[in-house]
Amino acid sequence: MEDTRIVDLFLARDEGGIREAADKYGNRLRQLGFHLLPDRLTVEECENDAYLAAWDSIPPHQPRDYLFPFLARLMRHKVLDQCRARRRRNEIARLTALTRELEDCIPGPDPTQELVDGMALGAALNAFLKALPEEPRNIFLRRYWFFDPVGDIARRYGLTQSKVKTTLFRTRQGLRDHLTKEGFTV
Amino acid sequence: MKADDLLNSLEHVDPELVAQAAKPPKKTPSRRPLWVGLTAVAAAASILVGIALWPGGSPAVTQAFAVAAAEYPEMAPYPSEADYLKANGDLDMDAWRACYDAWWADRKAQLDQPEGYDSGLEGYYAASLVQFLGGGGTENRVYSPLNLYFALGMLAELTDGDSRQQILDLLGQDSIETLRTQARALWNANYCDDGAVTSVLASSLWLNQDVPFVQSTLDTLADTYYASSYQGEMGSAEFNQALQTWLNDQTGGLLKESADQIKLDPETVLALATTVYYRGRWAQEFNPDNTAPDLFHTPEGDVTCDFMRQSSNSAYYWGERFSAVGKTVESSGTLWLILPDEGVSVDQLLADPEAQDFLLSNGDWDNQKHLTVNLSMPKFDVSGQMDLIEGLQAMGITDVFDPAVSDFTPMTTEVDEIYVSQATHAARVMVDEEGLTAAAFTVLAAAGGAMPPEDEVDFTLDRPFLFVLTGAAGQPLFAGVVNQPG
């Protein structure tokens with residue numbers, strides 16, 4: 001079913017919209033979950049929560065032309081929450097690997113104190129990513145937005161793993177410089 | 001600012017950029033899996049019999065009676081979507097969700113155990129896999145690591161001194177207290193009886209009516225191991241019948257042939273029985289229309305058997321000498337299917353440290369790739385009965401088998417020279433199509449669009465292979481070697 005039609009079902013408070021969304025995007029949402037959470041029950045719980053959150057936010061939102069990113073964002077949020085709440089060995093190892101990489105991008109010397117305005121940071125990230133060429137941008141988003149393992153990214157784009165790692169490293173350096181320029185320092 | 005802030009703020013990235021990154025880089029035709037019913041059933045039982053060099057037995061009472069009964073946790077049933085359909089055929093989401101939430105709360109309570117509760121067991125799992133699955137020749141082998149763990153744990157409670165220490169050493173525990181904590185957590189994490197999945201570890205003690213037992217030990221066993229105790233006349237037909245009935249009840253009759261052979265001698269002081277019964281539905285089921293006969297290459301020549309077939313987008317795992325896939329059981333664990341590479345035998349694979357690691361990894365494995373897996377596997381029904389004594393002795397448990405050194409004082413101080421004279425383990429794992437009638441609710445729960453596959457692989461289990469069935473909490477409930485699928 002077309003995304004527009006699915007969103008219309010949500011807007012009409014028709015629960016069939018959830019079923020259609022699950023039918024069309026459930027697999028991809030679960031795949032995102034499985035990158036950080038190994039057990040099926042929790043991933044399904046996140047998926048269900050994501051649909052519920054979508055139900056609660058359409059309306060006012062009407063993501064007719066960005067339904068998948070919209071659902072994936074809700075899913076990603078739930079997955080990160082679950083992952084942090086659960087604190088089990090494997091999940092934490094996967095999350096820690098991601099945050100450790102992103103520490104490269106932190107401009108200031110003291111990473112503990114400063115309160116960060118999420119929206120402002122989001123705007124700075126958007127500006128940075130939009131200015132990037134498509135390939136490094138996609139690689140960066142596959143890694144830190146979809147939590148793909150490096151090996152998967154390499155296969156997806158037909159690159160070697162070291163090429164992916166180098167691209168990610170350069171993008172992180174670039175992001176750090178950009179954030180510093182934007183005043184995100186301690 | 002923390003790296004976590006960055007990770008969070010990435011959610012504000014423009015959806016258009018996310019959509020671009022989500023686009024598959026190359027297009028290949030998508031396949032939709034078909035969903036029909038199928039069930040996996042498995043059961044195992046361990047019987048450890050302790051006898052004494054003592055002429056016991058009196059023909060007084062012949063009725064077995066329970067002296068302590070274990071109480072299992074109550075669980076809300078899993079709500080079948082089929083029961084929540086409105087007149088127009090739509091799902092009544094609110095009503096279903098209310099029941100689902102109650103089910104999930106109970107399920108979560110069972111699964112939420114203290115962090116690291118299952119640590120220390122890796123050595124035991126690895127040693128017992130090699131010990132009890134290796135060297136089987138051309139026969140099927142199957143056993144339950146978790147079931148044997150509970151039998152050994154209870155034996156540790158009944159013993160002291162070196163007899164107990166040898167068991168604690170094998171199970172990787174410092175003390176009987178840490179073992180108790182772990183056993184209780186393991187039992188609960190693996191308990192499920194919600195109508196959709198049945199996974200029950202049951203234990204019982206069969207006590208000689210002429211022997212006074214230490215009540216506090218029996219209480220500990222009831223509390224920690226959920227073990228019921230029965231007392232009666234050893235060697236009597238009634239007491240044997242009661243034990244056999246208990247075993248059949250706990251294992252859904254799957255082990256009837258083995259259970260009916262269990263008989264206790266009059267000099268038996270105590271028999272310890274542990275069982276595990278597991279029944280679940282595939283999350284993504286096979287379509288029986290795709291099942292067709294084909295050749296399976298057993299070590300003794302080719303046989304024809306029914307192969308179930310399915311293509312799905314799932315993880316494919318590999319090592320130096322094997323490849324593997326996992327089939328998820330709805331709302332529960334996974335059946336891991338491990339195929340040795342051509343020219344590598346099952347025994348060679350069992351001796352390979354990398355393969356051992358995989359068997360116990362529950363899918364936490366670096367060498368994996370999501371792709372279209374064309375799975376072709378024989379329907380199988382494997383069962384095996386084995387004498388555990390030699391294997392346990394090889395793993396360092398010796399004193400309990402020797403009346404000269406065994407120490408059973410926590411159990412009774414009235415009888416000397418008790419030893420374990422019999423240790424039997426029977427297990428059976430069946431993968432069949434009996435769950436067909438229950439297919440309706442799984443169909444709705446499991447439906448989902450397949451992502452366009454980027455790659456494809458055929459995974460054909462047409463020669464001897466290994467399997468491990470993990471429960472929802474990730475521990476190995478069953479492990480086996482399939483040499484003859486029939």
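Colleague: Where should I start with burial: is Asn362(B) buried or exposed?

Modeller: Count the C-beta atoms around the residue; 20 or more others within 10 Å make a residue buried. Asn362(B) has 21 other C-beta atoms within 10 Å, so Asn362(B) is buried. Keep in mind that this is a predicted model.

Colleague: Where is Asn362(B) found in chain B?

Modeller: Asn362(B) lies in the loop that runs between helix H12 (353-359) and strand E12 (368-378) of chain B.

Colleague: What is the phi of Asn362(B)?

Modeller: First the general idea. Most residues other than glycine have a negative phi. Asn362(B) is not a glycine, yet its phi is positive, at about 50°. Arg13(A) is another non-glycine residue with a positive phi, in this case near 55°.

Colleague: Is Arg13(A) buried or exposed, then?

Modeller: Here the cut-off is 12 or fewer neighbours for an exposed residue. Arg13(A) counts as exposed because 10 C-beta neighbours lie inside 10 Å. Its place is also a loop, the one between helix H1 (3-11) and helix H2 (16-34) of chain A.

Colleague: How many helices and strands does the secondary structure of chain A come to?

Modeller: Chain A has nine helices and zero strands, and its pattern along the sequence reads α-α-α-α-α-α-α-α-α. Of the 186 residues in chain A, 38% are buried. Contacts in chain A can also be sorted by separation: among those between residues at least 6 apart in sequence, 69% join residues at least 24 apart.

Colleague: And what does the secondary structure of chain B come to?

Modeller: Chain B comes to 14 helices and 17 strands. Buried residues are 47% of its 486 residues. Of the contacts in chain B with a separation of 6 or more, 80% are between residues 24 or more positions apart.

Colleague: At what angle do the axes of H7(A) and helix H9 (residues 161-181) of chain A cross?

Modeller: The two axes come within 10 Å and cross at roughly 95°. An angle from 65 to 115 degrees counts as roughly perpendicular, and H7(A) and H9(A) are therefore roughly perpendicular to each other. H7(A) brings Pro136(A), Ile139(A), Phe140(A) and Arg143(A) to the contact, while H9(A) brings Val164(A), Thr167(A), Leu168(A) and Thr171(A). By class, the residues of this contact are five nonpolar, two polar and one charged.

Colleague: Which residues touch the most other members in the largest nonpolar core?

Modeller: They are Leu337(B), Ile338(B) and Phe467(B), in a core of 118 residues. Helix H5 (residues 145-158) of chain B gives the largest share of this core, ten residues. Take Phe467(B): beyond its neighbours within four places in sequence, its contacts are Leu335(B), Trp336(B), Leu337(B), Ile338(B), Ala479(B), Gly480(B) and Val482(B). A second, separate core has 53 residues, including Leu29(A), Ala50(A), Ile58(A) and Tyr144(A).

Colleague: How many residues of chain A are in contact with chain B?

Modeller: Contacts between chains are read by counting the residues on each side. Here 53 residues of chain A are in contact with 42 residues of chain B. On the chain A side, the elements that give two or more residues are H2, helix H3 (40-57), helix H4 (67-86), helix H5 (89-102), helix H6 (118-131), helix H7 (134-144) and helix H8 (150-157). H2(A) supplies the largest share of that side, nine residues. The side of chain A that touches chain B divides into 25 nonpolar, twelve polar and 16 charged residues.

Notes. Residues numbered from 1 in each chain as written. Chains lettered and ligands numbered in written order. Predicted model: local features only at pLDDT ≥ 70, side-chain atom pairs only at ≥ 80, totals over all residues. Helix = DSSP H or I, 4+ residues; strand = E, 2+ residues; numbered from the N terminus. Contact = placed C-beta atoms within 7 Å. Nonpolar A, V, L, I, M, F, W, Y, C, P; charged D, E, K, R; others polar. Core = buried A, V, L, I, M, F, W, Y, C linked by C-beta atoms within 7 Å. Axes fitted to C-alpha atoms, helices over the stretch in contact; angles between N-to-C directions. Parallel < 35°, antiparallel > 145°, perpendicular 65-115°, else oblique.
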